[in-house]
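Take a look at the fold and its charged pairs. The paragraphs below go through them in turn.

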Amino acid sequence: RNEIVNALARAALMGARGNSGVILSQIVRGAAEELSSRPGELIDPVLVAASMARAADAAYESVREPAEGTMLTVFREMAHSVARRLAHMERTRLNSDTTPEDQDRMLAGLLEEVLKDGERAVARTPEQLEVLREAGVVDAGAHGLVLIFAGVVAGLRGDVEAPSVPHYAPAAHTRPHHEDSRFRYCTNFIVTGSGLEGRSFVSGLEELGDSVLVVGDDATLKVHVHTDEPEDAVALFEEAGAVQRLDVADMREQIAAREERLGEPGRTGVVAVASGDGIKALYEELGAHVVDGGPTLNPSTYE
């Protein structure tokens with residue numbers, strides 16, 4: 001078990017991209033640390049509760065200024081859900097006489113209820129975060145977290161399909177994800193070495209940009225920062241260890257490409273039936289295709 005959970009935690013860290021990916025990697029790491037600290041114990045409701053509580057703590061600790069209404073909030077609610085249900089369960093521990101089938105059934109039953117609480121927590125995220133409320137959406141990272149748990153339940157049940165998870169309408173209006181950052185490059189990289197202390201690099205990165213995350217252990221760090229000087233961010237770690245998997249994305253270029261893509265002729269269009277030169281000119285300035293409606297405003301379909 002230790003080999004499996006530690007390999008999974010490292011894979012989550014090495015593959016993490018963006019804020020949500022890095023936070024997810026810390027959820028996995030926190031759970032892995034608790035699971036590997038209990039040799040000889042079967043994974044049962046008590047151990048699940050302990051690992052989720054530790055995972056929630058690790059996720060919050062990874063962010064300098066945690067925001068409510070995000071995947072942090074939803075995972076914390078799911079961890080609290082396990083703890084609450086534990087207090088009312090008749091059987092919470094498993095012993096060596098337990099069959100794998102019995103273990104899977106018990107954990108699936110518990111996590112199905114936790115999944116429902118997670119769905120309710122996701123639905124509440126727009127109430128907690130103004131940017132979500134304005135866009136008319138739930139938090140995407142939190143929704144993804146619930147989908148992962150649905151997959152876990154399906155695996156425990158042996159089902160081909162995961163439990164149904166609510167779908168949500170797209171945003172009422174769109175806004176670039178990174179518009180709140182005044183910096184240009186979303187920079188991610190891995191640092192490997194020995195005796196690494198992630199917190200010691202945070203202040204230096206914050207002088208170069210924002211959205212700073214430095215997580216991992218004393219042998220491997222995952223670094224995320226929005227900055228105009230990716231090379232300076234990398235230089236902070238050159239004496240500490242080896243920098244690899246450098247990934248630099250130009251956020252302004254991404255936004256420009258997105259706007260160009262959305263503005264391509266034929267992708268989306270508005271046909272306005274109008275009468276009078278002034279009204280027609282207003283619609284044309286907004287980019288609409290104007291059809292002269294004449295005095296009846298009733299042109300033919302062909303027109």
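Is Glu-112 buried, partly exposed or exposed? Glu-112 counts as partly exposed, at 26% relative accessibility.

First, the ground rules. This is a predicted model, in which local features need pLDDT of at least 70 and side-chain atom pairs count only at pLDDT 80 or more, while totals for chains, interfaces and linings use all residues. Residues are numbered from 1 along each chain as its sequence is written, and side-chain values use heavy atoms, with hydrogens and water left out.

Begin with the sheet. Four strands form an open sheet in the order β2-β3-β1-β4, with antiparallel pairing. Strands (E, at least two residues) and helices (H or I, at least four) are DSSP runs numbered from the N terminus. Two strands pair if DSSP finds at least two bridges between them. At the edges are β2 (209-216) and β4 (241-250), each pairing on one side only. From one strand to the next, the twist averages 15 degrees. Strand β1 (residues 185-193) pairs with β4 in the antiparallel sense over eight bridges. Within this part of the sheet, Thr-192 stands opposite Ala-242 in β4.

Two helices lie across the sheet strands. Helix α1 (residues 2-15) lies across β1, β2, β3 (220-227) and β4, and runs at about 25 degrees to β3. Helix α2 (residues 18-35) lies across β1, β2 and β3, at about 25 degrees to β2. Axes here are lines fitted to C-alpha atoms, for helices over the stretch in contact, and angles run from 0 to 180 degrees between N-to-C directions. Contact means heavy atoms within 4.5 Å.

Now the charges. Side chains of opposite charge can pair when their charged atoms come close. A salt bridge is a side-chain nitrogen of Lys or Arg within 4 Å of a carboxyl oxygen of Asp or Glu. By this rule the count is 22 salt bridges.

Return to Glu-112. Its side chain meets that of Arg-157 in a salt bridge, at 2.6 Å from N to O. This pair links distant parts of the chain: Arg-157 is in helix α7 (residues 140-157), Glu-112 is in helix α5 (residues 100-128), and they are 45 residues apart. Arg-157 is partly exposed, at 35% relative accessible area.

Helix α5 also holds a local pair. Arg-120 forms a salt bridge with Asp-117, and their closest N and O atoms are 2.5 Å apart. The two are about one helical turn apart because they lie three residues from each other in helix α5. Arg-120 is partly exposed at 45% relative accessibility, whereas Asp-117 is buried at 11%.

Asp-250 and Arg-184 meet in a salt bridge of 2.8 Å, N to O. Asp-250 is in strand β4, Arg-184 is in the loop between α7 and β1, and 66 residues separate them. Asp-250 is buried, with a relative accessible area of 12%. Arg-184 is partly exposed at 29%.

Salt bridges also join into a network. Its members are Arg-29, Glu-33, Glu-34, Arg-38, Glu-41, Asp-44, Arg-54 and Arg-93.

Finally, a loop proline. Pro-66 sits in the loop between α3 (45-61) and α4 (71-86). Pro-66 is partly exposed, at 36% relative accessibility. Leaving out residues up to four places away in sequence, Pro-66 touches Tyr-60 and Leu-72.

Note on methods: Buried means under 20% relative accessible area, exposed over 50%, partly exposed in between (1.4 Å probe, protein chains only).
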